[in-house]
Amino acid sequence: MRPQILVVSHGPHCLDGVTAAAAVARYFEPSADVTATFASNSEIDRTLRAVRPASGRDTELWVTDISWREPDTDAHLRALAADGVRVFWIDHHRTALERVRHGLVDVPFTDTVLSEEFAASRLVYEYLARRLSDEGRQHPRFTSFRPVVAMADDNDRWLHQIPGSRELGWVVRALGPDAYPDFVTLDERVTYTPKMAQARDRVGAEIARSFAVAERSRVERRIGDLTLVVAVCDGHPSEIGDAWGKKLSRAVFALYDAKSLSVSFRRSPDSDYDLSKLAQSLGGGGHAAAAGAELADLRSAFASIVADAVEKVIK
C-alpha cells in the first residue's frame, strides 16, 4: 500500500505556504499519495484536529509555515504520533519559535526545523534536499523546483532581489486554492500556466483599486516616536505597506483587507517595532516586520456602522 503524506500549510493565499506544500508534494510524488490542506492562523487548530489518517497505511504529517496555539491540538498530534504517524514541523515565524522556547508545545515530533533564517518554503526544500543527498538519490522533479523556492523566499523575506518574485506572490493571492495544483507542476523556468498568466494580468488593476481605497480611508495617529497609519484596502496590503513605508519614517501600518477580512501589519524600513508581538496580542502571528490578525470583532463593528446609517434613513 502506498504511503500517505498529509501536508497542512499556511494558505491558500500565501506564496510561502503554498510553495512549502508543493515542495513536499514534489519530493514524495509519485511514490506516495500526497494531500495538501491549507489554513489561516485562525483556522489552524481546528484544521489540525480534523486530520484523520487512513488506518493501516504508512503516514507522515507535515505542518509547514504555520503554528497552532491550543493544548487540545497538541493532544491530537500526540495521539497521531502514538498511532505511528510521523509528524514533521517546519516554520519560521517568531511567534512559533517563542512558543517552543517557552515550553508551550508538547508534541513528539519526528523532526522539526524552526528558524527565522529563511522563509518556510526554503527551510522545507533544503531539509528535503539534505535527505536526498544523505540517501545518495537523484530526484530531478524535486531539484527543478529550486527556482520557485528561491522566489518564494525572496518575496516572503521582503528582499525582492529576484525578478518576478513579487508578481508570483500576487498570483498566489489572486488564485487562492487554485494556485497549489499549478505550483506542483511548475518547471525550473517558472513558466506560468495560462491560469497563472491571467491572474497576473488582472492583479495590476486590482492593486491600483486597492491603493485608491486605502488612500481614501487612511488615518494617521502619532504614538510616541511612531506614526500609526490605519486604512482599509481591497486586497494586496503588502504592496500598500511597502509603498507607504518608503515615504513615511518610523511608521507602523495596520491595513484591514476587505478581501481576506483580516488585518495586515507592516512597518517602514527604518522601524524596529516588533509586529509579531503586536499581532500575537491580537490573536494572530507572524514576523517582526510583517504580521497579521483576524480581529473578527471588526466585522460586527462595520456591520453596526452600516446599520446605524441605514436606520437613520429608514426613520
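Reader: Leaving aside its neighbours within four places in sequence, which residues is Asp182 in contact with?
Author: This is a predicted model, and in it Asp182 has its place in helix H9, which covers residues 179–185. Once the neighbours within four places in sequence are set aside, the residues in contact with Asp182 are Thr193, Lys195 and Met196.

Reader: Is Asp182 buried or exposed?
Author: The cut-off for a buried residue is a relative accessible area under 20%. Asp182 has a relative accessible area of 11%, and therefore it counts as buried.

Reader: Where is Thr73 found, and which residues is it in contact with beyond its neighbours within four places in sequence?
Author: Thr73 is found in helix H3, which runs over residues 71–82, and with a relative accessible area of 0% this threonine is buried. When the neighbours within four places in sequence are left aside, the contacts of Thr73 are Asp45, Leu48, Arg49 and Trp68.

Reader: How many disulfides does the count come to?
Author: A disulfide requires two cysteine sulfur atoms within 2.5 Å of each other. The closest cysteine sulfur to that of Cys14 belongs to Cys233 and lies 16 Å away, which is too far for a bond, and Cys233 likewise is in no disulfide, the nearest cysteine sulfur being that of Cys14. The count of disulfides therefore comes to zero.

Reader: What relative accessibility do Cys14 and Cys233 have, and are they buried or exposed?
Author: For Cys14 the relative accessibility is 14%, while for Cys233 the relative accessible area is 0%. As the cut-off for burial is under 20%, Cys14 counts as buried, and Cys233 is also buried.

Reader: How many helices and strands are in the protein chain, and how compact is it for its length?
Author: The protein chain holds 13 helices and eleven strands. The globule rule gives 20 Å for 315 residues, and the radius of gyration of the protein chain, 20 Å, is close to that, so the chain is as compact as a globular protein of that length.

Reader: What share of the contacts with a separation of 6 or more comes from residues 24 or more positions apart?
Author: Buried residues make up 50% of the 315 residues in the protein chain. Among contacts in the chain with a separation of 6 or more, the share from residues 24 or more positions apart is 63%.

Reader: How far apart are the mean positions of the positive and negative charges of the protein chain?
Author: The protein chain carries 40 positive and 45 negative charges.

Methods
Residues are numbered from 1 along each chain as its sequence is written. This is a predicted model: local features need pLDDT of at least 70, side-chain atom pairs count only at pLDDT 80 or more; totals for chains, interfaces and linings use all residues. Side-chain values use heavy atoms; hydrogens and water are left out. Helices (H or I, at least four residues) and strands (E, at least two) are DSSP runs, numbered from the N terminus. Buried means under 20% relative accessible area, exposed over 50%, partly exposed in between (1.4 Å probe, protein chains only). Contact means heavy atoms within 4.5 Å. The radius of gyration is taken over C-alpha atoms; the globule rule is 2.2 Å times the number of residues to the power 0.38. Lys and Arg count as positive and Asp and Glu as negative; His and the chain ends are not counted. The place of a charge is taken as NZ of Lys, CZ of Arg, CG of Asp or CD of Glu.
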